[in-house]
Amino acid sequence: MVFTGKYEVEHQDNYEEFLEAIGLLGSKTDHKVVIDVVQDGNNFTWTQTIPNIPNWSWSNKFTVGQECELVTMKGDKFKASVTMEGGKISVPFPQYLFTAEMTDDKLVMHCITPGEKGVTFKRVCKRLG
């Protein structure tokens with residue numbers, strides 16, 4: 001499956017601005033994030049971990065085309081329908097729209113906060129191994 005793999009952040013844009021927009025301004029931003037994606041057809045398990053920080057990871061299991069219970073970076077639970085169009089996953093989180101797609105064997109994610117002063121956070125991750 002195209003998304004399956006383990007990824008490490010290669011570079012990111014507007015991360016601090018994004019954290020501020022969603023109320024996580026004091027969060028540490030200079031850490032390595034590892035993303036592990038398991039795709040089985042339309043079923044996904046998406047886990048983000050910060051190595052060397054005990055108990056810091058969050059994971060979502062979802063099925064494209066179905067409403068699922070998901071968790072935010074803050075640990076808040078919510079329900080949303082996950083969609084995929086043209087190879088791009090889209091998840092409407094409560095405070096932002098998350099999209100992810102594969103581009104040249106890199107996992108490219110965007111988080112976009114709403115409104116006139118919305119923030120677009122972009123994270124590009126390279127595949128490990």
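Which residues lie nearest the centre of the largest cavity? I started my notebook with that one.

**Ground rules**

I'm working with a predicted model, where local features need pLDDT of at least 70, side-chain atom pairs count only at pLDDT 80 or more, and totals for chains, interfaces and linings use all residues. Residues are numbered from 1 along each chain as its sequence is written, and side-chain values use heavy atoms, with hydrogens and water left out.

**Entry 1: the cavity**

I looked for cavities, meaning sets of points on a 1 Å grid over the protein atoms alone where a 1.4 Å probe fits but cannot get out. I found one of 30 Å³ or more. The volume of the largest cavity is about 230 Å³, a volume being the space filled by probe spheres set on the points, with grid points joined across faces, edges and corners.

Its lining has 19 residues, and Trp46, Gln48, Trp58, Phe93 and Phe98 lie nearest the centre. Lining residues have an atom within 4 Å of a point. Strand 3 (43-49), strand 4, strand 10 (106-112) and strand 11 (120-127) each give two or more residues to this lining. Strand 4 gives the largest share, three residues. I note that strands are DSSP runs of E, at least two residues, numbered from the N terminus.

I sorted the lining by type and got 15 nonpolar, three polar and one charged. Here Ala, Val, Leu, Ile, Met, Phe, Trp, Tyr, Cys and Pro count as nonpolar, Asp, Glu, Lys and Arg as charged, and the others, Gly among them, as polar.

**Entry 2: the core**

Next I checked the largest nonpolar core, which has 36 residues. A core like this is a set of buried Ala, Val, Leu, Ile, Met, Phe, Trp, Tyr and Cys residues joined through side-chain atoms within 4.5 Å. Phe3, Ile35, Trp46, Phe98 and Leu107 have the most contacts inside the core.

I followed up on isoleucine 35. Not counting residues up to four places away in sequence, isoleucine 35 touches, among others, Lys6, Trp46, Leu107 and Cys125. Contact means heavy atoms within 4.5 Å.

**Entry 3: lysine 6**

Lysine 6 sits in strand 1 (residues 5-13). The C-alpha atoms of lysine 6 and isoleucine 35 are 5.7 Å apart, although 29 residues separate the two along the chain. Is lysine 6 buried or partly exposed? Lysine 6 is partly exposed, because its relative accessible area is 42%. The cut-offs are under 20% for buried, over 50% for exposed and in between for partly exposed (1.4 Å probe, protein chains only).

Threonine 63 belongs to strand 4 (residues 57-63) and counts as buried because its relative accessibility is 17%. Setting aside residues up to four places away in sequence, threonine 63 touches Asn42, Asn43, Cys68 and Val82.

I found glutamate 101 in strand 9 (residues 97-103). Glutamate 101 is partly exposed, as its relative accessible area is 22%. The C-alpha atoms of glutamate 101 and serine 90 are separated by 9.2 Å.

**Entry 4: cysteines**

How many disulfides does a search of the whole structure find? I got zero, a disulfide being a pair of cysteine sulfur atoms within 2.5 Å. Cysteine 111 is in no disulfide either; the nearest cysteine sulfur, that of cysteine 125, is 11 Å away. Cysteine 68 is buried at 9% relative accessibility, and cysteine 111 is buried with a relative accessible area of 6%.

Key
Helix = DSSP H or I, 4+ residues; strand = E, 2+ residues; numbered from the N terminus. 1 Å grid on protein atoms, 1.4 Å probe; cavity = no way out; pocket = protein on both sides within 12 Å on 5 of 7 lines; lining within 4 Å.
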